[in-house]
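Me: I would like to learn how to read the covalent and charged links in a protein model. Please take them in turn.

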Amino acid sequence: QVQLVESGGGLVQVGGSLRLSCAASGIIFSIDAMGWYRQAPGKQRELVAAITSGGSTNYADSVKGRFTISRDNAKSTVSLQMNNLKPEDTAVYYCNADRVRTRASIGDYWGQGTQVTVSS
């Protein structure tokens, strides 16, 4: 069974930085894409950043130039470095792993979410 475990959320002041990490556990053969989504109160979940197994990245326009996503394929981990944080970045951040291949299945998985709060 695959599980995604996130860490690194918290409270930070405007202009500060946080680093989120996510590790996929289980016997995993490969993961196509890994990414971070966020959901603020009263809003839909939105893509923040994603990265393929080959290293191609995609960012939401609102975070370009401030956030950097990276992954370690061998360890099945993905990280999100968030700099120059703004109050509008406040949300629950979710890790996602797309098309995770194990011995028995191919599936998509989500982490439990980690709160990021940016205070002004």
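Reply: This is a predicted model. A disulfide is called when two cysteine sulfur atoms lie within 2.5 Å. Here C22 and C95 meet that criterion, with their sulfur atoms 2.1 Å apart. The search of the whole structure gives 1 disulfide.

Me: Which parts of the chain does the pair of C22 and C95 link?

Reply: Distant ones: C22 is in strand β3 and C95 in strand β9, 73 residues apart. The link is left-handed, with -80° about the S-S bond.

Me: Are C22 and C95 buried or exposed?

Reply: Buried means under 20% relative accessible area. C22 has 2%, so C22 is buried; C95, at 0%, is buried as well.

Me: How many salt bridges does the structure hold?

Reply: A salt bridge needs a side-chain nitrogen of Lys or Arg within 4 Å of a carboxyl oxygen of Asp or Glu. The structure holds 6. One of them pairs D89 with R66, the closest N and O atoms being 2.7 Å apart. D89 lies in the loop between β8 and β9, and R66 in the loop between β6 and β7, so the pair ties together parts 23 residues apart in sequence. D89 is buried at 1% relative accessibility, and R66 is buried at 8%. Salt bridges with shared partners join R38, E46, R66 and D89 into one network.

Me: What is the accessibility of D61 and K64, which form a salt bridge?

Reply: D61 counts as exposed at 64%, while K64 is partly exposed at 48%. Their closest N and O atoms are 3.1 Å apart.

Technical notes. Residues numbered from 1 in each chain as written. Predicted model: local features only at pLDDT ≥ 70, side-chain atom pairs only at ≥ 80, totals over all residues. Heavy atoms only, no water. Helix = DSSP H or I, 4+ residues; strand = E, 2+ residues; numbered from the N terminus. Buried < 20%, exposed > 50% of the residue type's maximum accessible area, 1.4 Å probe, protein only.
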